[in-house]
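Me: I am new to this structure. Please walk me through it, one feature at a time.

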Amino acid sequence: EPGTFTMGQVGVAEPVHQVTFNSGFYLGKHEVTQAQYEAVMTGNDASLSATPSHYGGNYDRPVENVSWDDVQVFLARLNDQEADNLPTGWAYDLPTEAQWEFPTRSGTSTSYTVGNDINSTFANYDMNIGETTKVGDYPANPWGFYDMQGNIREWIDDWYSVYTNTSLFNPTGPSTGTEKILRGGSFGSTAVWLRSSNRHKAPSTYKSSHIGFRVALRKKFTPVTSVTTTIKDYPEIIIYFTVIEEVELIMRVRGPSLEIPGNTPDTTLTIYDDFYTEIASNNNWSSGSSTTQLQELNLAPSYSTESAEIVTLQPGDYEIEATKSGDSDEIINLEIFSTDVNVFDKISSLKIDTCYKAETKFFNISHEDSNLSQFLTIDYTDENQTPATLFTNSPLLFDENSPIGSLVGNIVSYGGLNFNQN
């Protein structure tokens with residue numbers, strides 16, 4: 001269920017910060033067993049063993065000796081096998097770090113669910129037994145989850161990063177990193193590693209007989225595009241596209257410092273149809289203010305939000321404008337998602353336009369669907385107001401190192417200017 005809790009612990013995982021879930025998710029009450037893993041992974045085309053466990057042949061024990069990368073193959077196969085049984089927009093995944101700690105704490109604020117001390121009555125740890133045990137052998141926590149502390153460490157979806165003291169809404173961690181997070185401690189861990197807030201990390205390729213996972217079921221969203229710009233006095237992002245078939249889009253605008261909470265005063269989002277008739281507008285993008293449907297969401301990995309604008313668009317041409325008023329350098333970000341995995345079959349001719357007025361500092365375009373390269377174009381003007389158009393199949397980054405910035409990615413074509421990959 002949605003809720004708020006205090007994440008972290010003084011002296012263990014700092015800074016302590018507040019996390020809010022605006023929408024619910026499901027989490028497996030047990031770690032994935034050897035039997036469950038074998039059932040999903042038998043016949044996989046990644047040449048991975050369906051029976052990888054060091055303590056194999058014990059089908060009611062947790063599967064272990066699997067890497068984070070291996071788990072991604074398992075999840076892809078599980079989602080494919082269960083596709084007909086899943087609600088639209090939902091998918092099996094690893095829990096985020098916050099989605100793991102929230103049910104682990106289960107309303108408690110102590111070091112462990114059972115208090116500030118723990119013993120072998122409550123968990124398999126510190127080599128008391130010396131190997132994994134059957135899932136559910138130890139008492140469940142107050143919310144009905146088993147083995148959140150001990151038995152095996154569990155892979156988390158997030159890349160590792162240091163905490164900040166900012167209150168977060170549906171956090172999903174950074175979009176890139178070098179190590180994935182592990183939580184919970186194992187049968188060989190000392191008690192300190194079992195604390196509800198304790199964090200561990202390892203490369204995504206790492207395997208150990210002490211590491212397994214449990215599965216979450218949560219909403220998944222397809223990123224369409226993300227645009228960020230900083231322009232002195234009045235930043236503006238305009239996106240044009242054609243809707244071929246009715247599609248539901250989720251739009252988020254973020255303002256000062258791109259803070260994760262949705263409160264961005266003086267930020268405006270407006271959607272126009274092909275007759276330039278305003279069909280939706282949010283003149284103060286903050287929680288609770290919306291002229292269309294304001295819905296709380298848990299977005300895809302790498303994205304977090306307090307609230308988002310949802311619109312269902314019929315076939316036609318559309319223009320989306322996001323603006324931010326201010327007296328100094330202002331940052332504005334516009335992100336578009338869809339609950340429809342076939343979104344790129346339903347929109348076309350996506351064009352992103354931003355004007356470089358006065359001081360140019362940062363302009364970023366990113367996408368995660370290769371089909372976007374078929375129609376992504378970028379129109380902009382440099383400091384001399386010279387127009388140019390770019391066509392790309394890779395994310396682009398403009399920074400403040402030159403009047404038009406440096407480009408990261410492969411430029412397929414260009415208009416009027418020469419660019420080299422940097």
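Me: How many bridges join E5 to E7, and do they run parallel or antiparallel?
Reply: First, a caution: this is a predicted model. Two strands pair if at least two bridges are found between them. Here, 3 bridges join E5 to E7, and the two strands run antiparallel.

Me: Which residues stand opposite each other there?
Reply: Trp159 has Lys180 of E7 as its bridge partner. Trp155 stands opposite Leu182 in E7. Glu154 is partnered by Arg183 in E7.

Me: What joins E5 to E9, and in which sense do they run, parallel or antiparallel?
Reply: E9 covers residues 211-212. It is joined to E5 by 2 bridges, and these strands run parallel. Arg153 has Ile211 of E9 as its bridge partner.

Me: Is E5 buried or exposed, and how many of its residues tell us that?
Reply: Buried means under 20% relative accessible area. In E5, 6 of the 7 residues are buried, so the strand is largely enclosed by the rest of the structure.

Me: Which residues of E7 lie on each side of the strand?
Reply: Take the two faces in turn. Lys180 and Leu182 are on one side of E7, residues 180-183. Ile181 and Arg183 are on the other. All four named residues are buried, and both faces are covered.

Me: What is the order of the strands in the open sheet of 3 strands?
Reply: The order is E3-E10-E4, with antiparallel pairing. Strand E3 (26-27) and strand E4 (90-93) are the edge strands, and each pairs on one side only. E3 and strand E10, residues 216-219, pair over 2 bridges. Leu27 has Ala216 of E10 as its bridge partner.

Me: Now the helices. At roughly what angle do H1 and H2 cross?
Reply: Compare the two axes. Those of helix H1 (residues 34-41) and helix H2 (residues 68-81) cross at roughly 70° and come within 9 Å. That makes H1 roughly perpendicular to H2. The contact involves Gln36, Tyr37, Val40 and Met41 of H1. From H2 come Asp70, Val73, Phe74, Arg77, Leu78 and Gln81. The crossing of H1 past H2 is left-handed.

Me: Where is Glu82?
Reply: Glu82 is in the loop between H2 and E4. Glu82 counts as partly exposed, with 26% relative accessibility. Its C-alpha atom is 9.2 Å from that of Tyr92, and these residues are 10 apart along the chain.

Me: Where does Asn141 lie, and is it buried or exposed?
Reply: Asn141 lies in the loop between helix H3 (97-105) and strand E5 (153-159). Asn141 is buried, at 11% relative accessible area.

Me: What surrounds Asn141?
Reply: Skip its neighbours within four places in sequence. Asn141 is then in contact with Pro103, Thr104, Ser106, Thr113 and Met148. A polar atom of the Asn141 side chain also lies 2.9 Å from the backbone nitrogen of Trp143.

Me: Last, the whole chain. How many helices and strands does it have?
Reply: The protein chain has 3 helices and 25 strands. Of its 422 residues, 53% count as buried. Now take contacts between residues at least 6 apart in sequence: 71% of these join residues at least 24 apart.

How values were computed. Residues are numbered from 1 along each chain as its sequence is written. This is a predicted model: local features need pLDDT of at least 70, side-chain atom pairs count only at pLDDT 80 or more; totals for chains, interfaces and linings use all residues. Side-chain values use heavy atoms; hydrogens and water are left out. Buried means under 20% relative accessible area, exposed over 50%, partly exposed in between (1.4 Å probe, protein chains only). A polar contact is a pair of N or O atoms within 3.5 Å; within protein, one must be able to donate a hydrogen and the other to accept it, and residues adjacent in sequence count only if both atoms are side-chain atoms. Contact means heavy atoms within 4.5 Å. Axes are lines fitted to C-alpha atoms, for helices over the stretch in contact, and angles run from 0 to 180 degrees between N-to-C directions. Angles under 35 degrees count as roughly parallel, over 145 as roughly antiparallel, 65 to 115 as roughly perpendicular and the rest as oblique. A crossing is left-handed if the near helix is turned anticlockwise from the far one by less than a right angle, and right-handed if clockwise.
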